[in-house]
Amino acid sequence: ANGVVYVVNGTQVEARNESDGSLLWSWTPPGGQPVGPMIATKNLLLVSTAAQTYAVDLASHSQVWTYPAGGHLTLSAQGILFIAQSSGRLTAVSVR
């Protein structure tokens with residue numbers, strides 16, 4: 001996303017330069033290890049753990065939002081974040 005690759009490294013999320021792999025910044029979720037794919041938008045990185053979903057501001061690199069459900073993330077063109085939980089429950093949250 002815009003020259004940055006976002007990866008999970010242990011318990012943290014790392015933002016790495018696409019061209020040389022150098023570390024730009026990192027963030028650690030306060031509640032658990034990041035799982036599954038992350039979603040980068042124009043201004044946010046959406047990250048999930050087993051129990052929570054977080055929005056990390058790409059400019060400040062800080063958590064700006066959390067939701068009490070974690071799992072596989074998908075974002076619709078209409079700004080609806082779908083969280084598919086391991087229990088089989090699907091949660092839809094408007095992120096606009």
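Strands, cores and a buried threonine

Thr 91 lies in strand E10, which spans residues 90–94. Helices (H or I, at least four residues) and strands (E, at least two) are DSSP runs, numbered from the N terminus. This is a predicted model, in which local features need pLDDT of at least 70 and side-chain atom pairs count only at pLDDT 80 or more, while totals for chains, interfaces and linings use all residues. Residues are numbered from 1 along each chain as its sequence is written, and side-chain values use heavy atoms, with hydrogens and water left out.

Thr 91 has a relative accessible area of 8%, so it is buried. Buried means under 20% relative accessible area, exposed over 50%, and partly exposed in between (1.4 Å probe, protein chains only). The side chain of Thr 91 makes a polar contact with the side chain of Gln 85, at 2.8 Å. A polar contact is a pair of N or O atoms within 3.5 Å; within protein, one must be able to donate a hydrogen and the other to accept it, and residues adjacent in sequence count only if both atoms are side-chain atoms. Leaving out residues up to four places away in sequence, Thr 91 touches Tyr 67, Ala 69, Leu 81, Phe 82, Ile 83 and Gln 85, where contact means heavy atoms within 4.5 Å.

Two strands pair if DSSP finds at least two bridges between them. E4 (residues 35–40) runs antiparallel to E5 and is joined to it by 3 bridges, with Ile 39 opposite Leu 46. These two strands form a hairpin with 3 residues between them. E5 also pairs with E6 (residues 53–57) in the antiparallel sense, over 5 bridges, and here Leu 46 stands opposite Ala 55. The hairpin of E5 and E6 has 4 residues between the strands.

Gly 36 belongs to E4. With a relative accessible area of 47%, Gly 36 is partly exposed. Its C-alpha atom is separated by 8.4 Å from that of Val 47, which is 11 residues apart from Gly 36 along the chain.

Another set of strands forms an open sheet: 3 strands in the order E1-E2-E3, with antiparallel pairing. E1 and E3 stand at the edges with a single partner strand each, so one side of each is left without a neighbour in the sheet. Between E2 and E3 there are 4 bridges, and Val 13 has Trp 27 in E3 as its bridge partner.

The largest nonpolar core has 12 residues, among them Val 4, Val 13, Trp 27, Leu 45, Val 47 and Val 56. Strands E1 (4–9), E2 (12–17), E3 (23–27), E5 and E6 each give two or more residues to this core. A nonpolar core is a set of buried Ala, Val, Leu, Ile, Met, Phe, Trp, Tyr and Cys residues joined through side-chain atoms within 4.5 Å. A second, separate core of 9 residues includes Ile 39, Leu 44, Leu 46 and Leu 81.
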